[in-house]
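Please look at the protein chain below and keep the model in view while reading. The paragraphs that follow go from one place in the chain to the next.

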Amino acid sequence: DGNMADILATGCDLMTLYIDTLRQIAPVELILMAGNHDRILSVSLHLYLQAWYNNCDSITTVKCGQSRQYIIYENNLLCFHHGDTVTKTTDLARLAAIEAPRAWGKCTHRMAFTGHHEKIEEDRGFTRYQLPSLSGEDKWHARKGYVGNRKMVAAVLIDNKEGIFASIYGSSNG
């Protein structure tokens with residue numbers, strides 16, 4: 001909650017704290033996944049992080065303006081999409097096979113990560129992990145009936161050979 005400048009400044013502070021924590025464990029790759037309510041702020045945050053970590057060897061920023069991003073992590077095809085336009089698991093699987101055919105054929109584990117609220121769906125070897133959100137409820141959420149979900153963030157741990165093996169959750173309550 002707040003004005004755009006405050007939201008962006010808070011987002012920059014939180015993301016650098018989060019990234020600095022993660023890079024103590026492993027290299028970090030930043031992928032833009034702009035949201036349907038904050039496309040400009042998402043791009044601004046990504047550009048800020050790209051500049052902030054410009055000379056940092058353990059941080060990579062992926063420069064891509066597509067609504068779906070594909071990353072290969074050894075035996076894993078990872079698709080990142082906000083989830084506001086393509087919402088069916090079968091549609092995401094079909095798009096991944098078309099848009100990233102080499103990765104689709106190479107990888108045993110194929111998955112997409114989208115947002116809004118928590119749900120996991122699997123269809124013929126493709127799994128969609130719809131991750132929870134820290135976002136608050138506004139008038140739009142109230143009109144649509146999207147109320148009552150816990151504010152949460154999730155980190156998904158992926159083995160380079162075996163795929164997802166754990167998830168870690170944090171809530172806005174601490």
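R124 sits in the loop between strand 6 and strand 7; helices (H or I, at least four residues) and strands (E, at least two) are DSSP runs, numbered from the N terminus. The model is a predicted one, in which local features need pLDDT of at least 70 and side-chain atom pairs count only at pLDDT 80 or more, while totals for chains, interfaces and linings use all residues. Residues are numbered from 1 along each chain as its sequence is written, and side-chain values use heavy atoms, with hydrogens and water left out.

Is R124 buried or exposed? R124 counts as exposed because its relative accessible area is 74%, where buried means under 20%, exposed over 50% and partly exposed in between (1.4 Å probe, protein chains only). Accessible areas come from the Shrake-Rupley method with a 1.4 Å probe, and for residues, only the protein chains shown count as cover. The backbone of R124 has a positive phi of about 50°, although R124 is not a glycine. Most residues other than glycine have a negative phi.

R124 also forms a salt bridge with D123, and the closest N and O atoms are 3.4 Å apart. A salt bridge here is a side-chain nitrogen of Lys or Arg within 4 Å of a carboxyl oxygen of Asp or Glu. Side chains of opposite charge can pair when their charged atoms come close. D123 is partly exposed, with a relative accessible area of 22%.

How many salt bridges does a search of the whole structure find? The search finds six. One of them joins R68 and E99, with 2.6 Å between the closest N and O atoms. R68 belongs to strand 3 (residues 68-73) and E99 to helix 3 (residues 89-99), so this pair ties together parts that are 31 residues apart in sequence. R68 is buried at a relative accessible area of 16%, whereas E99 is partly exposed at 37%.

Another salt bridge brings together the side chains of E74 and K161 (2.9 Å, N to O). This pair links distant parts of the chain, 87 residues apart: E74 is in the loop between strand 3 and strand 4 (76-81), and K161 is in the loop between strand 8 and strand 9. E74 is partly exposed, with 41% relative accessible area, and K161 is partly exposed too, at 47% relative accessibility. E74 has a positive phi of about 50° although it is not a glycine. Salt bridges also link K119, E121 and R128 in a network.

The next topic is empty space inside the model. Rolling a probe the size of a water molecule over the atoms shows where empty space is left. On a 1 Å grid over the protein atoms alone, a cavity is a set of points where a 1.4 Å probe fits but cannot get out, and lining residues have an atom within 4 Å of a point. Grid points are joined across faces, edges and corners, and a volume is the space filled by probe spheres set on the points. A search of the whole structure finds one cavity of 30 Å³ or more. The largest cavity holds about 60 Å³ of space. Its lining includes K119, Y129, V156 and Y169. Strand 6 (119-123), strand 7 (126-130), strand 8 and strand 9 (163-171) are the elements that give two or more residues to this lining.

Strand 8 (residues 152-159) also holds L157, which is partly exposed at 32% relative accessibility. L157, F165 and I168 form a nonpolar patch on the surface, with about 290 Å² of accessible area together. Such patches are made of residues with over 30% relative accessible area and no salt bridge: like charges are joined within 9 Å, nonpolar side chains (Val, Leu, Ile, Met, Phe, Trp, Tyr) within 5 Å.

The last stop is a set of contacts, where contact means heavy atoms within 4.5 Å. H82 is found in the loop between strand 4 and helix 3 and is buried, with a relative accessible area of 15%. Not counting residues up to four places away in sequence, H82 touches M33, A34, G35, N36, T114, G115 and H116. S42, in helix 2 (residues 39-52), is buried at 11% relative accessibility. Leaving aside neighbours within four places in sequence, S42 is in contact with L32, A34 and G35.

Notes
On a 1 Å grid over the protein atoms alone, a cavity is a set of points where a 1.4 Å probe fits but cannot get out, and a pocket is an open set with protein on both sides within 12 Å along at least five of seven lines; lining residues have an atom within 4 Å of a point.
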